[in-house]
Amino acid sequence: KKAGFIFDLDGVIVDTAKYHYLAWRKLANELGFEFTKEQNELFKGVSRKRCLEILLDIGKIKATQEQFNTWMVEKNVDYLAYIDQMNASEILPDVIRVLKFLKDRDIPIALGSASKNAKPILEKVNLLPYFDSIVDGNNVTKAKPDPEVFLIAAKNLEVDPSLCVVFEDAVAGIQAANRAGMLSIGIGDPNILSEAAFNFKDFTEMSDSFLESLLNQ
Ligand code: B16
Ligand code: MG
């Protein structure tokens with residue numbers, strides 16, 4: 001039976017976390033407090049709205065609905081300025097090898113990301129042509145760890161969820177994949193992503209023979 005592959009974006013395909021961090025830090029500083037790299041870990045895989053809620057908690061700031069919306073927009077404008085400067089050199093190591101491996105075998109590929117900026121980012125780094133379906137923050141109502149994003153991706157690929165493989169760098173994303181009944185593969189720190197079925201530091205550690213074994217589950 002046909003397998004389907006679903007990739008998270010931030011932390012799996014590109015390292016945009018550093019740009020999210022710079023944009024959130026700028027907002028925090030404007031509001032009069034510090035925002036550290038460690039605190040930014042909590043933001044991975046989490047929606048923009050939830051990130052701002054956490055940021056304001058850190059700064060102990062109460063916002064009106066209007067201020068909240070203004071800051072959401074401001075952060076995104078700053079983030080997009082960084083995205084605008086991106087190019088293919090920022091694709092994480094061996095991502096293209098894995099995408100090509102799957103494409104050569106006509107395996108359907110989807111993106112499953114919390115970001116509302118997923119499409120422009122894929123365009124910027126020239127990876128859009130690899131994806132048969134893009135499911136992102138604009139298509140989902142429930143954030144990871146809810147499985148919605150991955151279930152929609154499986155439906156779009158016309159592949160049974162039990163035959164889908166998900167690459168994820170966030171705990172919430174691994175949980176979402178597991179809840180969707182998919183094979184979860186952690187990309188990053190195995191201690192943090194311990195709920196994943198398999199773990200790799202990055203794609204350079206993932207052999208073609210391992211990929212081959214995923215095609216014939
Ligand atoms: P945006 P992923 C997530 O992307 C990021 O990890 C998370 O830090 C970010 O807040 C979220 O996208 C929303 O991004 O503000 O661009 O809509 O890891 O799910 O690809
Ligand atoms: Mg991610």
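Does aspartate 189 count as buried or exposed, and how many C-beta neighbours does it have inside 10 Å? The model in which this is asked is a predicted one. Aspartate 189 counts as exposed, because it has 11 C-beta neighbours inside 10 Å and the cut-off for exposed is 12 or fewer. This residue sits in the loop that runs between E5 and strand E6 (198-200).

The overall fold comes next. The chain contains 9 helices and 6 strands. Its radius of gyration is 17 Å, close to the 17 Å that the globule rule gives for 217 residues, so the chain is as compact as a globular protein of that length. Along the principal axes, the C-alpha atoms fill a box of roughly 55 × 35 × 30 Å. Buried residues make up 36% of the 217 in the chain. Among contacts with a separation of 6 or more, 60% are between residues 24 or more positions apart.

The largest nonpolar core has 45 residues, and within it Phe150 and Val166 touch the most other members. At least two residues of this core are supplied by each of E1, helix H5 (95-104), strand E2 (109-112), helix H6 (118-124), helix H7 (148-157), strand E4 (164-168), H8 and strand E5 (183-187). H7 gives the largest share, 6 residues. Leaving out residues up to four places away in sequence, phenylalanine 150 touches Ile6, Gly112, Cys164, Val166, Ala176, Ala177, Ala180 and Met182. Another core, of 9 residues, lies apart from the largest one, and its members include Tyr19, Ala23, Phe35 and Leu55.

The annotated positions are a separate matter. An unreviewed UniProt entry places the feature "binding site" at Asp8, Asp10, Glu168 and Asp169. These positions are spread over 162 residues of sequence but cluster in space, with a largest C-alpha distance of 8.9 Å. The feature "active site", also from an unreviewed UniProt entry, is placed at Asp8 and Asp10.

Aspartate 8 is found in the loop between strand E1 (4-7) and helix H1 (17-30). Why does aspartate 8 count as buried? Aspartate 8 has 28 other C-beta atoms within 10 Å, and the cut-off for buried is 20 or more. Its contacts, not counting residues up to four places away in sequence, are Gly112, Ser113, Phe167, Glu168, Asp169 and Gly173. Aspartate 10 lies in the loop between E1 and H1. Aspartate 10 counts as buried because it has 24 C-beta neighbours inside 10 Å. With residues up to four places away in sequence again left out, aspartate 10 touches Thr16, Ala17, Ser113 and Ser115.

Glycine 173, one of the contacts of aspartate 8, belongs to helix H8 (residues 171-179). This glycine counts as buried because 31 C-beta neighbours fall inside 10 Å. Beyond its neighbours within four places in sequence, glycine 173 is in contact with Asp8, Gly45, Lys144 and Glu168. Asp8 and Glu168 are among the positions that UniProt lists under "binding site". The C-alpha atom of glycine 173 is 9.6 Å from that of valine 149, and the two residues are 24 residues apart along the chain.

The last element is the ligand. Which residues come nearest to ligand 1? They are Leu9, Asp10, Ser113, Ala114 and Lys116, out of the 20 residues around ligand 1. By class, the shell around ligand 1 consists of 6 nonpolar, 9 polar and 5 charged residues.

Conventions
Residues numbered from 1 in each chain as written. Chains lettered and ligands numbered in written order. Predicted model: local features only at pLDDT ≥ 70, side-chain atom pairs only at ≥ 80, totals over all residues. Near = placed C-beta within 6 Å. Nonpolar A, V, L, I, M, F, W, Y, C, P; charged D, E, K, R; others polar. UniProt positions renumbered as here; feature names shortened; annotations may be inferred. Helix = DSSP H or I, 4+ residues; strand = E, 2+ residues; numbered from the N terminus. Contact = placed C-beta atoms within 7 Å. Rg over C-alpha atoms; globule rule 2.2 N^0.38 Å. Core = buried A, V, L, I, M, F, W, Y, C linked by C-beta atoms within 7 Å.
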